[in-house]
Amino acid sequence: MHGFFMGAGIVMFLLMLPALLLVVKGPTVIDRIVAANVIGTKTAVLLIIIGTIYGNVGMFVDFALAYALLNFIGSLAASRYCQKMSVDDQQLGSTATKRATRV
Amino acid sequence: MPIDLLDILSILLVLSGLVFFLGASVGLLRFPDFYTRMHAAGKGDTLSTLLIMAGAGIYELHRFDLDDGGALGIILVVVKILAIGVFIMLTSPTSTHALMQAGYDDQLERAGESSEVRIELPALHTPADAGTPEELPSPDEDAASKSAMKKTASKKAASGKSETSKDKTAAKKSTSKQSPRRKKD
């Protein structure tokens, strides 16, 4: 059973590599933020799997909870920052679009 | 035997979570668009997280024994794992929605109809613009290949209207380059 959880953790790590690839080569900034959000959520899960392997889940659960919370806060902050940046870019032009006036 | 049943249930939950995470990763790589990548990332990520955490919690529950003194600790750990699952179930769609709103306000192009959206907005908001009618795509230009669309986009960017174009390169350029900010009149 420990071997199964070890294999599950390794497979999860290998499946996190495409998200890392999207962070590196993502076409837009928000693609990178989405991929980093996926990696952060999966890291919280991976911490629980590591705790299961070590037989000490009670310690790793708190790490995972803190990591998920920080990931959520960071993702929200990055999305707000990009939204504000995009609105500023829209206000650069002479024609104020409808979305820029709505926000 | 209930312990074997719990093990089998845990293995099934973790395996299905890995399958859903595989779908999320393949969707992140293969989908052509920001919005569709967002779709794959949000749903697959949330569901696979919930499934794998439920599997780990059930596996942790099989160490539960009433005669043992640490039964309450195991219950507490399982409740914490479920609390993380509920927390991620609440926060992952929230962050997905916030990022999608940011991308929509950024006016990122959709995969199929980028040229229509890119051309339509200046025609809507500045109808007195003289350069607008020849920039509208003719139907044969709609049916043309992607290189032709890219050529019209580059022509449009060369004609000085690049601040309203939602081309990928223009978006990348606008995010990388710090242009001086003018006040909105």
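**Chains A and B**

Modeller: In chain A, 48% of the contacts with a separation of 6 or more are between residues 24 or more positions apart. This is a predicted model, in which local features need pLDDT of at least 70 and side-chain atom pairs pLDDT 80 or more, while totals for chains, interfaces and linings use all residues. Residues are numbered from 1 along each chain as its sequence is written, with chains lettered from A and ligands numbered from 1 in the order in which they are written.

Colleague: What makes two residues count as a contact?
Modeller: Their C-beta atoms, placed from the backbone, must lie within 7 Å. In chain B, 61% of the contacts between residues at least 6 apart join residues at least 24 apart.

Colleague: How do you know which elements chain A has?
Modeller: Helices are DSSP runs of H or I with at least four residues, and strands are runs of E with at least two, numbered from the N terminus. Chain A has 4 helices and 0 strands, and chain B has 7 helices and 0 strands.

Colleague: Why is α2(B) called mostly covered?
Modeller: A residue is buried if 20 or more other C-beta atoms lie within 10 Å of its own, exposed if 12 or fewer, and partly exposed in between. In α2(B), 22 of the 28 residues are buried, so the helix is mostly covered. For chain B, buried residues make up 34% of its 185 residues.

Colleague: How do you know what span to expect for helix α2 of chain B?
Modeller: The rule is 1.5 Å times one less than the number of residues. Helix α2 of chain B, residues 34-61, reaches 40 Å from its first C-alpha to its last, close to the 40 Å expected.
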